Amino acid sequence: QRRNVYYIYIFSLCLHNPPKKPKGGLRTTHLISYFLIFLVALSFAYFAKALSGSYMKSTITQLERRFDIPSYLIGVIDGSFEIGNLLVIAFVSYFGAKLHRPKIIAMGCVLMSIGTFIIALPHFLIGRYEYETSVRWVENSTLSPAPCRAGLPAELTQDGKRPQEQSTDCESESNLSMWIYVLLGNVLRGIGETPVQPLGISYIDDFTTEENAALYIGCVQTISVVGPVFGYLLGSLCAKIYVDIGFVKMETITITPDDSRWVGAWWLGYLVAGVITLLSAIPFWFLPRSLPVPGPHFQRKDNDEQKGFIKDHPHLKKKYTADEHTGFIEMAKDFIPTLRTLLAHPVYLIYLCVTVIQLNSLIGMVTYKPKYIEQHFRQSASKANFLMGVINIPAVALGMFSGGLLMKRFKLNIMGAAKFAFSTSLIGYVLSMFFFAMSCENAKVAGVTLSYDKIDEISYDKHSLFTACNRDCVCSSNEWDPVCGENGITYLSPCLAGCSTSRSTGVHVFSNCSCIGVGGNLTANTGQCLEKDDCDSMFPYFLALSVITSFIISLGGTPGYMLLIRCIKPELKSLALGFHTLATRTLAGIPAPIYFGAIIDTTCLRWGQKKCGGIGACRIYNTTAYRIAYLGLTLSLRTVSFIICIPGFILLGRQLKKEEQDAIHALSNGGTELEALRKEECVILNSDQPLHTPENSTDRHTRL
């Protein structure tokens, strides 16, 4: 009799609160399919944006030479991507989390694609690339005028150029301001990339268990690191191709990819990246706004694998779901209080400061690392990009994926993830100090790094270029048309080498050079001397150490990212991710390439000169000063971040201790209430009173 009364009681509760049907009528298998499609689509979007971003960094030296601009201005162009993020990131992260996230991501991918195409646009609007050379004075001839010319000073300007040639040159140079299109296209790329990370990561975290979220996010980030591999490989391929391929006869090009005046087909890679980014937007248009909650009759059939995707699984009790019926005005009113709550979180603020400082170091280092390899170890741009893509980036990808697996394997909590990320970063910091010992000597350039008498010295004086052997020649001190003498020394131009004759037989050779050898009877070839025995022996060690440090530092990438997600309340997750992206882009992504480039510019020994006056791109650097400035700034920033981590660990420990105490208190209160409900049920079953009304049953069910 008591059992029958209990069954009637349960039946009455079911009649009053029947189980809801799944929204949209989707089965559990459909939910899993949708989630997998979203996971693959987001990974491809990460791949596309990472490919175009890394390709941008691989073309830094190409853009410098093509538009004749210094490194700090290239830093402005590179940082313009973050400016685009800054414009919309806060609103996209907050309002986008409450709207249709997949479609917003799709629109962002389309904008990224358009911006990438705009970056390539200047190539089709400006004229052909013209580099400084003394070989192409007379076309269709094997003989060229003598480089060392005796002329009247009245016929030439101070730079050794005829006045009538300057007006024509200045008209063509006005087209070089079209680098602004590159900047604007990069801004649009930044705007389009905004929703991909915060909305994509929060979407994954909303519909997976906590123990699987780290693995899925680690997979996505690993794919995003694979993107730069192809980006740098694409940059390496395009750097080998001459910028005006198909529009000029390659027989007339007298420079090679090893020359500091060489410009590759930088525009070609942007067209490829734009198409790939456009394709990544397609799947998001067909995904649902959110994954519906399956009913109990479906949950009974779920296996363990399916439960990893189901939102109502017991492990997902703390997941936050946005209210689909919230109005725009209500969301806007709640924005400022929510942001104030987020910024009042001490652990979040400490984490934000640490990541901003470390990303300043990381972004500055990665942006100019190919250029560092080019200038310090005297490698071509194509080889530098190839090595970055094949050796360095895969180590980062493997490290990030391994970090996610280790976090899942050892089930690291928040404090464990923080200690793991700190330890890997500290080990990488110590190993990075050995880069200072891997040095190369400055290139031997007459009048710049050594005098014409072969006495080592660093010179910033133009007059040091002129000596007795070239005094009778009318030469420009600003001209950069390097030739390599038989004595293994580079001269800034054939004229400054005192060469009196030249001939072209497939290879351009200058002879009777008065500054080369005794008696001036030696020859010189076009291009800089490639004597780099000291660098060739040191370069493999540099690559090996670079791979090891990149792998160790990237091990802490995924645990550090999960620390960001877990240290805040679930309802603040999307806003926290968005504001974190906003802060890092604003305080690291924008300024780091600019001030790194400005500091690198201070180590320049010889600047290129624009035809209408003013400095252009740097032709040769002081490699010792370059190494100290580049590595010293990188490690100094990371030192500051380690100091800030100390109060961060203290605050995190206090927060975890407080949460543990609150959980114990809530558990004890919940146990007391549950015991009271059990006693009440016993009274009902043992009494002869009639079954309670549905209102009382509903209240009792709610309390239970």
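A disulfide is taken here as a pair of cysteine sulfur atoms within 2.5 Å. The model at hand is a predicted one, and 5 disulfides turn up in it.

Start with cysteine 484 and cysteine 529, whose sulfur atoms sit 1.9 Å apart and so fall within the 2.5 Å limit. The torsion about their S-S bond comes to about 105°, so this disulfide is right-handed. As for location, cysteine 484 belongs to strand S1, while cysteine 529 is found in the loop between S5 and helix H18 (533-555); the pair therefore ties together parts that are 45 residues apart in sequence. Both cysteine 484 and cysteine 529 are buried.

Next comes the link from cysteine 499 to cysteine 513, with an S to S distance of 2.0 Å. Here the torsion about the S-S bond is about 100°, so this disulfide is right-handed. Its two ends lie 14 residues apart and connect distant parts of the chain, with cysteine 499 in strand S3 (residues 499-504) and cysteine 513 in strand S4. Buried means under 20% relative accessible area. Cysteine 499 has a relative accessibility of 0%, so it counts as buried, and cysteine 513 is buried too, also at 0%.

The bond between cysteine 469 and cysteine 515 has its sulfur atoms 1.8 Å apart. With 95° about the S-S bond, this link is right-handed. It bridges distant parts of the chain, 46 residues apart: cysteine 469 is in the loop between helix H17 (414-432) and strand S1 (483-485), and cysteine 515 is in the loop between strand S4 (508-513) and strand S5 (522-526). Cysteine 469 counts as partly exposed because its relative accessibility is 24%, whereas cysteine 515, at 10%, is buried.

Now for the nonpolar residues. In soluble globular proteins, nonpolar side chains tend to be buried together. In this model, the largest nonpolar core has 53 residues, and Phe38, Leu42, Ile204, Phe284 and Tyr348 are the ones that touch the most other members. Helix H2 (residues 28-58) gives the most to this core, supplying 7 residues. A second, separate core of 34 residues includes Tyr55, Ala265, Trp267 and Tyr270. Back in the largest core, phenylalanine 284 shows who its neighbours are: leaving aside residues up to four places away in sequence, phenylalanine 284 touches Phe38, Ala41, Leu42, Ala45, Pro102, Lys103, Ile105 and Ala106.

Helix H5 (101-120) and helix H11 (266-280) each contribute at least two residues to the patch. Leucine 279 has a relative accessible area of 46%, so it is classed as partly exposed.

Methods
Residues numbered from 1 in each chain as written. Predicted model: local features only at pLDDT ≥ 70, side-chain atom pairs only at ≥ 80, totals over all residues. Heavy atoms only, no water. Helix = DSSP H or I, 4+ residues; strand = E, 2+ residues; numbered from the N terminus. Buried < 20%, exposed > 50% of the residue type's maximum accessible area, 1.4 Å probe, protein only. Core = buried A, V, L, I, M, F, W, Y, C linked by side-chain atoms within 4.5 Å. Contact = heavy atoms within 4.5 Å.
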